[in-house]
Amino acid sequence: MTIRRSWALVLIFEVFLWSLAHGQTSERMTKQPADAIVTGMIVTMDGSRSVVDDGAVAVVGDSIVAVGPRLAIEARYQARETIDARGKLVLPGFINGHTHVPMTLFRGLHDDVTLNDWLYKFIFPAEAKNVTEEFVRWGTRLAAAEQIRSGITTFADMYYFEDAVAEETKAAGMRGVLGETFIDFPAPDNRTNAAMLAYTEKFLQKWQGDPLIHAAPAPHSIYTCSQKTLQDVAALARKYHAPILIHVAEMKKELDDSLKNNGATPVQYLERIGVLGPDVIAAHCIFVDETDRKLLAQRGVGCVHNPSSNMMLASGVAPVPEERAAGIAVGLGTDGPGGSNNDLDLMEEIDLAAKLAKITKMSPLALNAPAVVEMATIDGARALHMEKEIGSLETGKKADLIVIDLDEPNAVPMYDVYAQIAYALKASDVETVMIGGRLVMKDRKLLTVNEEEAMAKAREYRKSVAASLGMQ
Ligand SMILES: [Zn+2]
């Protein structure tokens, strides 16, 4: 109530100032031009978590120039295009902090096995036989359609041929932190570590300064990369001020092996060899003790929680409430989509993150609705070290926003907006998506991806992938 009252005061004050300045000549006042105005109930996710019931966002170019009460914004700006979302929610776009988008083409390939078996018996062989640049392009297009439909505007990816992922992400108009994978065995794109380093350096150079694409190296994990590989990758990333994406403390076996081989937990090992820093994005962070959590917070590492994946592979439960309490930025990710989740629906992760924490702690207070909505937006941005650019609807940030329809049986009535987002609304309620001021979906119609073509290709790939593994 306080927030709404304060917005009402702002509105009265603005109208007062405006009438003082313009008196009876208001008709002749020149409004400032804007490219778009989006009206609706604005859930800003700004520092005071303001919600503007009858609000608007004004956009110029790829950025937000004003957020506030609709009447005040409409009095100040003349927009080329108005997206009338009155009666609907307007939110910052969701941030998928960890995934492997080309793996859409392996969706459902082999489920219900352990992570170790899944990786070594199924996924690594399937990748060796099937992953080409063309495969990666089609998988990324399919994933772009799926992610945009569920309100994701930014995603962090780790895969091979990441330059092709970047080109397709850019073509789809999405924002991406895209990591080229390093692994100490021949990968589908680069057979040796030297080739991986050369490919990634070119990749980092190519995308420097791009408004949508943040190129990065992604050492797979401490159990698939030697100390030398990890250190070489960190040095390369730091030369180009690029982030480092890595899986950290995902499996019990990873912790046990690290204690045995390195005499330290995965986090403390990464600290000892100089990898931890404010540019690291660590997926999972399940097996992290109190010392690890302090280190992650001190070093400014972003963590990404993947509840579906962790449940599906029975990896364990990340201590998210403790991580947040330690001051770590914890975002949310879908992981997958092949074998460790099977879809790219971040709204499902919002819901599951809260419920997984509640059941684990046997307390419904463990993680609440505002917290998980933060994890999908502003904290997700912090975890990717992009909070100055995205994660909330505020003046000066990128115009990455989504409109969610409230005219659905599962969306009414609404008493609490955060609880509605976390527990009642679905990805299919997302209606319109704007990324960097550009509409990529309007009224549920995709504008930048040919999804029919991508789906047809996915069905074709199903045949060749199955044949390569001797399946039907
Ligand atoms: Zn992963």
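Guide: Residues 18–28 keep a pLDDT under 50, and the model gives them five contacts beyond four places in sequence; pLDDT is the predictor's confidence in each residue, from 0 to 100, and contact means heavy atoms within 4.5 Å. Where pLDDT is low, the predicted coordinates should not be read in detail. Over the whole chain the average pLDDT is 94, and 94% of the residues score at least 70. This is a predicted model, in which local features need pLDDT of at least 70 and side-chain atom pairs count only at pLDDT 80 or more, while totals for chains, interfaces and linings use all residues. Residues are numbered from 1 along each chain as its sequence is written, and side-chain values use heavy atoms, with hydrogens and water left out.

The part to look at closely is the zinc site. The protein donors of the zinc ion are His98 (NE2), His100 (NE2), His247 (NE2) and Asp335 (OD), at 2.1 to 2.4 Å from the ion. Donors here are N, O and S atoms within 2.8 Å of the metal (3.2 Å for Na, K and Ca), and because water is not among the atoms, sites may look incomplete. The angles among the four donor atoms run from 83 to 176°, and the site is irregular: four donors count as tetrahedral if all angles lie between 85 and 135 degrees, four count as square planar and six as octahedral if opposite donors are over 155 degrees apart and all others between 65 and 115, and anything else is irregular.

Along the sequence, the donor residues follow the spacing H-x1-H-x146-H-x87-D. His100 sits in the loop between β5 (94–99) and α3 (115–130), and Asp335 in the loop between β12 (329–332) and α13 (346–361), so this pair ties together parts that are 235 residues apart in sequence; helices (H or I, at least four residues) and strands (E, at least two) are DSSP runs, numbered from the N terminus. Both ends of that pair are enclosed: His100 counts as buried because its relative accessibility is 9%, and Asp335 is buried with a relative accessible area of 3%, where buried means under 20% relative accessible area, exposed over 50%, and partly exposed in between (1.4 Å probe, protein chains only).
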